[in-house]
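This briefing collects computed features of the structure shown below.

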Amino acid sequence: MADDIKPRLRVPSTAKKGEVVEIKTLITHPMESGQRKGADGKLVPRLIVNSLAVTYNDKPVVNVTMEPAVAANPYMAFFMRVEESGTLKFVWTDDLKNSWTAESKIEVS
Amino acid sequence: MTTAPRLTRRRALSGALGAIASVLAARQALATPDSAREWLASLAKGTPQAGKVTLKAPEIAENGMAVPLTVSVDSEMSEKSYVKALYIAADGNPNPPVAIYEFTPLAGKAEVSLRVKLSQTQNFVAVAEMNDGTLYKASREVKVTIGGCGG
């Protein structure tokens, strides 16, 4: 199952200095809330991606703590002000401490 | 001869409906605007003011499995003045917490979009904590046709 979990990004590759750009992310993940009953009538144990940390050139931009109420395949969009070229890094972590990383470069023109 | 089984079926049906109704009632009993308030109060200490926070969500969500929500906070996001944290709750869910965002001025604009599971018609509540400790709060009702919890 872990093989199906893939992060996706939509980040501009270039930006003007000082521009505020929109960043969209999605990670394919079932986000089991721990409230749902499976075919056997038993509760399916909770297993969600509970955090997303976003850094730009290793400086924190946004940290998200997710609860089971976040829908499956969590989509997260937010903004960032670009002052210099660099690498935007995303780290998702689930309840079992598995983590997935994605990176994207932004060039300041 | 033929009426007897009909009666039992009717009785069985009404029994089943009653069971469904009681399950629904039990679900609603789990809905806890108070625990949403408590959760928000435990994170954001102080009394939130109205304003600055805007919630965008559909008035009616046909499917509670993924309700789009955009929360924006009016802030210049400079070193002097920025939104430190944004707490989002859904006050009718069995577990009201939805998400916590922590920002730095690097974010440039305090606006986030996400999709949320909603079990029933209820309110989104968002509290923004500024870097100077002031709190702003807003809420928005979403009517849900099909709940998105359990099943």
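In this predicted model, 29% of the 109 residues in chain A are buried. The C-alpha trace of chain A spans about 55 × 25 × 20 Å along its principal axes. Among the contacts in chain A with a separation of 6 or more, 59% are made by residues 24 or more positions apart.

**Secondary structure of chain A**
- Chain A has 0 helices and 8 strands.
- Read from the N terminus, the elements of chain A follow the order β-β-β-β-β-β-β-β.

**A sheet with strands from both chains**
- An open sheet of 6 strands is arranged in the order 1(A)-3(A)-6(A)-7(B)-4(B)-2(B), and its pairing is antiparallel.
- The edges are formed by strand 1 (7-10) of chain A and strand 2 (53-56) of chain B; each has a single partner strand, so one side of each lacks a neighbour in the sheet.
- On average, and with direction ignored, neighbouring strands of this sheet are turned by 20° against each other.
- Within chain B, strand 4 (residues 67-73) and strand 7 (residues 110-116) run antiparallel and are joined by 7 bridges.
- B:Pro68 has B:Arg115, in strand 7 of chain B, standing opposite.

**Helix 2 of chain B**
- In helix 2 (residues 33-43) of chain B, the buried residues are B:Ala36, B:Trp39 and B:Leu40.
- The packing partners of the buried residues of helix 2 are strand 5 (83-90), strand 6 (97-103) and strand 8 (122-130) of chain B.

**The loop residue B:Ala107**
- B:Ala107 is located in the loop between strand 6 and strand 7 of chain B.
- Not counting residues up to four places away in sequence, B:Ala107 touches A:Val61, A:Val62, A:Phe78, A:Phe79 and A:Met80 of chain A, together with B:Met77 of chain B.
- A distance of 11 Å separates the C-alpha atoms of B:Ala107 and B:Ser75, which are 32 residues apart along the chain.

Terms used
Residues numbered from 1 in each chain as written. Chains lettered and ligands numbered in written order. Predicted model: local features only at pLDDT ≥ 70, side-chain atom pairs only at ≥ 80, totals over all residues. Pairing = 2+ DSSP bridges. Helix = DSSP H or I, 4+ residues; strand = E, 2+ residues; numbered from the N terminus. Axes fitted to C-alpha atoms, helices over the stretch in contact; angles between N-to-C directions. Buried ≥ 20, exposed ≤ 12 C-beta atoms within 10 Å, placed from the backbone. Contact = placed C-beta atoms within 7 Å.
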